[in-house]
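Please examine the structure below before reading the briefing that follows.

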Amino acid sequence: MQTIVHLVRAEMRRLGKSPSVPLLWLAFPIALALIFYLAFGSMGSSSGGVPKGKLLVVDHDNTVASGIFKQSLEREPMSDFMIPVLWEDEARIPQQFRANAASASLVIPKGLQDSLLTGGRVELTFTTNPRQSVRPQMIEAILDSFLEIGNHALGEVRGALDMVRDLSEEADSTNERATVLAISGAFYDSRFRLEKLSELANLEVKVVRPNPEEEHPSRKGGASSFFTYFMPGLLLFSMMLVGEGFEKRFFHDVAQGRARRIAAAPVPRRTAMLAEGFSILVGALICAAILLTASRLLFHVRLREPLTMGLFLVGFAVIVVGLLKALYARAKSERAAGTIAGVVVLMNSLIGGGFVPVEFFAQGMQPFARWTPVGCTSQGLLDVLARNRDLVDVAPMLLRTWGWGLGLCLLAFLLGRRAHARV
Amino acid sequence: MIEVQDLKKTYGSVVALDGVSFRVPDGTIYGLLGPNGAGKSTTIAILAGLTRATSGQALVGGYDVQTDAQNAKRALGYVPQEIVLYEELNARENLEFFGGLYGLRGSGLRERVEGLLGTIDLGEHAKRPAETYSGGMKRRLNLACGLVHRPRVVLLDEPTVGIDPQARLHILEMVRDIAREGTTILYTTHYLHEAEDLCERIAIIDHGRILAEGTLTELRAAVGERDLVTVRGRFDATAVQTLVARLDGAVEVLSVKEDELVLACNSGGDTFGRLVRGFGELGDPREISLRQPSLENLFIKLTGRELRE
């Protein structure tokens, strides 16, 4: 066991010395994820930089205060991230969302100005387009920041608004000129004193994320939902790519004579084979850990049932070991092995839902796909992450995963004995 | 100690080793000389436990390499002809890795590695990846990786191939130092002068058979202290036989090719003069060279070809 640990540590150290290698291994699935995200996350057409989202603004108040608010949305930095469009018909917003013509909507309620003048709380309704992922989040984030500042501003503006109210109530024409000047002055001062003011927090945004029944869960909106559905397949695809990267290195080591030198040491063939298998296993699991962490941090995928997920991922890492060792065991050359392994990995991912969840497949295809190594594992992970299933619920898929893993490892062992004899 | 008895190895119909036997006493450097395909590497591979002999027996440090492979491997240090290192790792990490394969751990391994880094003059470069080393530095590290575990027997498979003369001298000196510490060394090489300088006993191997074996003195005596005459040009085979017969056994034909004739000629007397005078009858000789008795002469006498062929 000490020798196995020694060999695995050496492999990991080699990887650590050339960090570009694992990055290259991960580059493809990450690029693929982004492509999918852009496609299925409905980022829409874009050319250069992050595309701006369209915000439909419905103003039921139509007062000076709501006008100030709308004008603010058109200024920087808001204008860097969104295009506010004044929208009259609130009822037609869902239609605009379905047509993917807007990223979000903001409804200013009637009585905004009055509420502000009387010190009451005002609730704006912000609704995201469930068909889009990134842009609604961007608008929401910038709107949050804006409102925090805006609440300060409104505190200052309140004085000016009080004067507007007095003006309208008293209708004293002799004072009109002086009053208007005072209002202008107050607005001017408020601009410079924004940062000095304490938070008033009168303005609140109620965020609505539509959850229509007819939509597929992966389209519920937000990057989180999207990645919860697509992450398992891409994760498994990445693990296979990393495993293949390791196996290529081992094959290269045979060609370079390194395996031969190890064979000349008192290291039994069985031990060397196990060490290679463990190296692949550890590498694949490190890859999984990196991608899971990225999914959690960047896309807020909720990772639950750690034991169940761990069993699936270790089981799939065993599949990766068995599959690749078996594929490379009989290969005559590195190129041939690489080509065959590449095709097998790709086909496995295609058939097993590595790129698109199995449940998106044609009905007749789904049962078959769920029996493949990638299919059963990705379905199991998806059930855990997206449908809150637990270990008992996904046990059949887990058994398939481990069955594949152990079966392929046995096959690899039988074939590998001959492969190791050729060092 | 290495003991090889009637070792045979066949690959299908190809006979790689055909009854090779030799013995290397403790603390000696034993040279195995032979051209490519002679059977040197197969012998080394069997001794290192990398391939199984078809028949025969090989003992390393008293352990049978086939029936007691793990103990034989523990006693053995294998330095392959190719530079086999982990290029991403530095010298220290490479040495620690190969030491670890033999069960060395902790401070014992670290001390041994530091000592070896000094021996191979890589102490200052120990933190650089091996891929940045020169050919000579890699060769020295390649050699040291086979010595980390202080083996009793070391197999050196052409350890000086492709390096400059200075680096070669350094490696040869290292090999002598290892032998002085009591290590048994089996040294294969293409370079005859290396074998002459380094090895106490030498075996000449070709086509899987040992053709001659002994100390350098014994082998030189086997040449018969005769000069080696090489004639290049065009020859009449009958005329060659006639000339040789006229010289009353003072000249022996070692090999005759279409454009090259190799003769062994007794030193002293007027044999060489009579031979040169007779060349006119041979046909159209264009170039004549004379070499003093050496291991190379013996090699050519035994194999009919030069070592580099």
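Across which strands of chain B does helix α1 (residues 40-47) lie? Helix α1 of chain B lies across β1, β2 and β4 of chain B, and runs at about 115 degrees to β1(B). Axes are lines fitted to C-alpha atoms, for helices over the stretch in contact, and angles run from 0 to 180 degrees between N-to-C directions. Helices (H or I, at least four residues) and strands (E, at least two) are DSSP runs, numbered from the N terminus.

This is a predicted model, in which local features need pLDDT of at least 70, side-chain atom pairs count only at pLDDT 80 or more, and totals for chains, interfaces and linings use all residues. Residues are numbered from 1 along each chain as its sequence is written, while chains are lettered from A and ligands numbered from 1 in the order in which they are written.

**The four-stranded sheet**
- Four strands of chain B form an open, antiparallel sheet in the order β2-β1-β4-β5; two strands pair if DSSP finds at least two bridges between them.
- Because β2 (14-24) and β5 (63-64) of chain B each have a single partner strand at the edges, one side of each is left without a neighbour in the sheet.
- Five bridges connect β1 (residues 2-11) and β4 (residues 55-60) of chain B, and Lys8(B) has Ser55(B) as its bridge partner in β4(B).

**Strands β11 and β14**
- Strand β11 (residues 226-235) of chain B is antiparallel to β14(B), with eight bridges between them.
- Val231(B) has Ile288(B) in β14(B) as its bridge partner.

**Contact between the chains**
- Chain B places 19 residues in contact (C-beta atoms, placed from the backbone, within 7 Å) with 19 residues of chain A.
- α3(B) gives the largest share of this side of chain B, four residues.

How values were computed
Contact = placed C-beta atoms within 7 Å.
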